Amino acid sequence: MTIEQLQHQKETEDKIEFKAATHNYSYNGGSHISQEERRKCYLGYIVAFANECGGRLVLGMADAMPHQVVGSDFALGEVGALEDGVYAKLGIRIRTEELYDANSLRVLVTHIPSRPIGKTLKFEGVPLMRIGESLRNMSDEEVFAILSEQEPDFSAKICEGITMDDLNKEAIDKMKISYARKQNNQQFLQLSNEQILSDLKLVVDGKFTYASLILLGNKEKLNQTLPQSKTIWEYRNSISQIHHDTRIVIDDPLFIGIDKIWNLINQPSINPKYPVQSDAYIFDIYAFNEVVIREAVLNAVAHRDYSITSEVVVKQFPTQIIINNPGGFPKGVTIENLLTVSSTPRSRLMTDILEKTGLVERSGQGVDKIFSITLAEGKAEPDYTSSNLFQVTLKLNSDITDKAFHIFLNKYQFSDKEPKLGVEQIITLYKIKNGLFQQLNTIIVEQLEKSDLIQKAAGHTNRYILSNEYHQLVKEDLKIGKRYLIKEVELIVLALQGNELKVGDLESRLQNSLSRSQVKYLLTKLMEDEIVKTSGQIKGTRYLLLEAFADLRGDLLVNEVVNYLRSKYE
């Protein structure tokens, strides 16, 4: 796009807005008090354009045609920070261009993508649209019309130009075997490939759907017709590392590609096995669980938005896997209701086949399975908080943060007690362990109480804690030698990360977890073990981490300290 081309653009017809914005153009409403004035800002116009299915905002050119260049200093020298700021604030990824005319006057063009189907964007809690020179609230009717939009089933669309020769025979065979096993129907294997594809609606009236291409298509046809269907696997030795150490593109049909993805993740050197023992019970836990990973990757492929020309990306680190897929959550799904609402996949046909062949759980239950297995292994809760309107991000951590919870569940599961624990029971136990009592299923709670897995909290009629057996396991299995409990170490070092604190400051921060005497004892022992040091004297004494730990944060800091202590005391 050139300045000369912009000068002939019409605002309504070309979905473009011109603003002079020579100096001090407002980014987010500035000091204005009235909502009507606050919304006439950069973020306000981005929200309005996104709600109108996208467009361009041009700063530095007059509104009247032929749009004379007047120059703008908005975000001068800070365009990268501007794009990052908009993404952080609105969850929308804009693209900017800086143009200069013959007189070196600057024009800033912002390209704004459309909102997702069935969702509105809001500025300060209000969905906006343009009208003339103003921005107005969307009417209830307009909002309802957007919320009522339905995403078409991409996988059921006909993919022109596909023939039987474009499909991978090995992938078809794997699909047939999986279907016959899952449906307990061995006669299915005797049907012709043409009949099977027709029965599964992968071929309709002799024409092949996109589902047939994604699930069964050969590499050449996939790369030619739908290159964004690839999955990228990357490995990095550190979470803070920007450049990958290894990067592999998986461009096979899904029935073959899913095994290749798992084999990459499951290399012994990067997916180690940890034995967990308590008395006669010995359980092996892999850093990354196969069922969880397969379910997560297949969900990403099935629920992604194929209209976005980017791939599913799996980033693996020694202690974490991050799975990104293009497109936000399916309609009606949010982070808040992820475990309680049945999802509506964008590619229903493809999801149905994955369910019928046993590759994924029934629609809406895959995420439950990811949560229940991960939590039952004593690991941190699966993290979807980095997701937004345009991508879903799942973070899975490998560290076993609550070994006692894992042993507690497995002792029950391998005992002769009934009933055994399912997805809902495990998630309910996790919530109770963490003091989360909202929206608990009373029937499940009663069942867990009868099974002696939970008990009423002292002095409460509607609050529960895990049984005494769990708390005894915590005391026994989270010790580092005779000096520390892992949880105590975690509390102290996380409070000290990046800080120099007095004993009183630490006591105040940790008052709900540790007493003053416990804080002082731990500080003394951590100083003896060269993890903590002091600065200042007498009443001015402050505690801080030694240089070896000073630059670490969060899980990396805790892991480093715990591993160091274990090497000394275990």
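1. The lining of the second largest pocket has 16 nonpolar, 12 polar and 14 charged residues. Here Ala, Val, Leu, Ile, Met, Phe, Trp, Tyr, Cys and Pro count as nonpolar, Asp, Glu, Lys and Arg as charged, and the others, Gly among them, as polar.

2. This is a predicted model: local features need pLDDT of at least 70, side-chain atom pairs count only at pLDDT 80 or more, and totals for chains, interfaces and linings use all residues. Residues are numbered from 1 along each chain as its sequence is written, and side-chain values use heavy atoms, with hydrogens and water left out.

3. The second largest pocket holds about 920 Å³ of space. A pocket is an open set of points on a 1 Å grid over the protein atoms alone, where a 1.4 Å probe fits, with protein on both sides within 12 Å along at least five of seven lines; lining residues have an atom within 4 Å of a point. Of the 42 lining residues, D305, I308, P326, G327 and F390 are the closest to the centre.

4. Which strand gives the largest share of this lining? β15 does, with 4 residues. Strands are DSSP runs (E, at least two residues), and helices are runs of H or I (at least four).

5. Now the helices. α19 (residues 486-496) and α23 (residues 554-569) pack at about 130°, with axes 10 Å apart.

6. The contact (heavy atoms within 4.5 Å) includes V489 and V493 of α19 and L557 and V561 of α23. Its residues divide into 9 nonpolar, 1 polar and 2 charged.

Key: Axes fitted to C-alpha atoms, helices over the stretch in contact; angles between N-to-C directions. Points joined across faces, edges and corners; volume = space filled by probe spheres on them.
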